[in-house]
Amino acid sequence: MTMTVQSEDDIDILSILQARREFRPKRGLEFYASEMAFCHRKIALSILYPRETTLTARMALGVMMHEMLEAILDEIYPIDTYYIETEVSLSAEYGKATVLGRIDGIALCDHDQAIIIEVKSTGRREHGLREWYWPQIVTYYWLVQKTTPWRVKEIHILHLLQRSLALRRYRVSIPSEDDVQRVLRKIDTIVEAIEKNSVHELPGPQYDWECEKCEWREECQNLTK
Ligand code: SF4
């Protein structure tokens, strides 16, 4: 018995995923929760030079992992106790800025009690949360408190190792008022720099690898010329 290939074609999975998610360029002073850990300058440049995010293979893998986990959230949070909403898009005005976030999941219980669920997947071998996640979580918390009738009871991070599909659930602290103010101050600082045309004076990245992966590297280099 032999198998004969009768035809073959490549399916452009990156384009399919790209079309399913919204990666539109920014319109004005928009700040995404997912970028609140980024370097100040990068956020400012994403506003000054808006562009659509193009998915890389690595990002696409993350998107697929997210979708897989979102599809089974009602098994992780049983429906006899929780009502699950996935991909919860929230936005709020903050001064001249608009803050936007798409929360992976919210588990509701006892009428108005909410558990914010953030899914993270990593190609690294080891579990372990990164500080990098925190400004995003704080922004989600602020958005839920500000725009919904729900009270945030808990915040969970579901951390998935891509290599082994091991999944660990972390319960993290509720952000303090200081945490929230730090995120809002960052927005204020960036808006002010854009308005005063002083983006080049904004602080650079916290981590060395940020510049290497930055889509606005060229514009950033031009800032100082
Ligand atoms: S190249 Fe580096 S400093 Fe410049 S915007 Fe990007 S991350 Fe920030």
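Two strands pair if DSSP finds at least two bridges between them. Helices (H or I, at least four residues) and strands (E, at least two) are themselves DSSP runs, numbered from the N terminus. Residues are numbered from 1 along each chain as its sequence is written. The model is predicted: local features need pLDDT of at least 70, side-chain atom pairs count only at pLDDT 80 or more, and totals for chains, interfaces and linings use all residues.

**Exercise 1. Describe how strand E5 (residues 151-161) is joined to E6.**

Step 1. Start with the pairing: E5 and E6 run antiparallel and are joined by six bridges.

Step 2. Pick a residue pair: Ile 157 stands opposite Tyr 170 in E6.

Step 3. Look at the connection. The two strands form a hairpin with five residues between them, and Leu 165 in the turn has a positive phi of about 60 degrees.

Step 4. Check burial. A residue is buried if 20 or more other C-beta atoms lie within 10 Å of its own, exposed if 12 or fewer, and partly exposed in between, with C-beta atoms placed from the backbone. Of the six residues of strand E6 (residues 167-172), the number buried is zero, so E6 lies largely in the open.

**Exercise 2. Work out whether H5 is enclosed or open, and what its buried residues pack against.**

Step 1. Count: 10 of the 14 residues of H5 are buried, so this helix is largely enclosed by the rest of the structure.

Step 2. Name some of them: Pro 135, Tyr 140, Trp 142 and Val 144 are among the buried residues.

Step 3. The buried residues of H5 pack against E2, E3, strand E4 (113-122), E5, E6 and H6.

**Exercise 3. Compare the length of helix H6 (residues 177-195) with expectation, then locate its buried side.**

Step 1. The expected span of a helix is 1.5 Å times one less than its number of residues. For the 19 residues of H6 that gives 27 Å, and the end C-alpha atoms are 27 Å apart, which agrees.

Step 2. List the buried residues of H6: Val 183, Lys 186, Ile 187 and Ile 190. They cover an arc of only 90 degrees around the axis, which puts them on the same side of H6; the arc is that of the directions from the helix axis to the C-beta atoms.

Step 3. Turn to the face pointing away from that side, where Glu 177, Asp 178, Arg 185, Glu 192 and Glu 195 are exposed.

Step 4. Identify what the buried residues pack against: strand E1 (30-32), H2, strand E2 (83-94), strand E3 (97-109) and helix H5 (134-147).

Step 5. Finish at the end of the helix: H6 is followed by Asn 197, whose phi is positive, near 60 degrees.

**Exercise 4. Summarise the protein chain.**

Step 1. The protein chain has eight helices and six strands.

Step 2. Of its 225 residues, 23% count as buried.

Notes. Contact = placed C-beta atoms within 7 Å.
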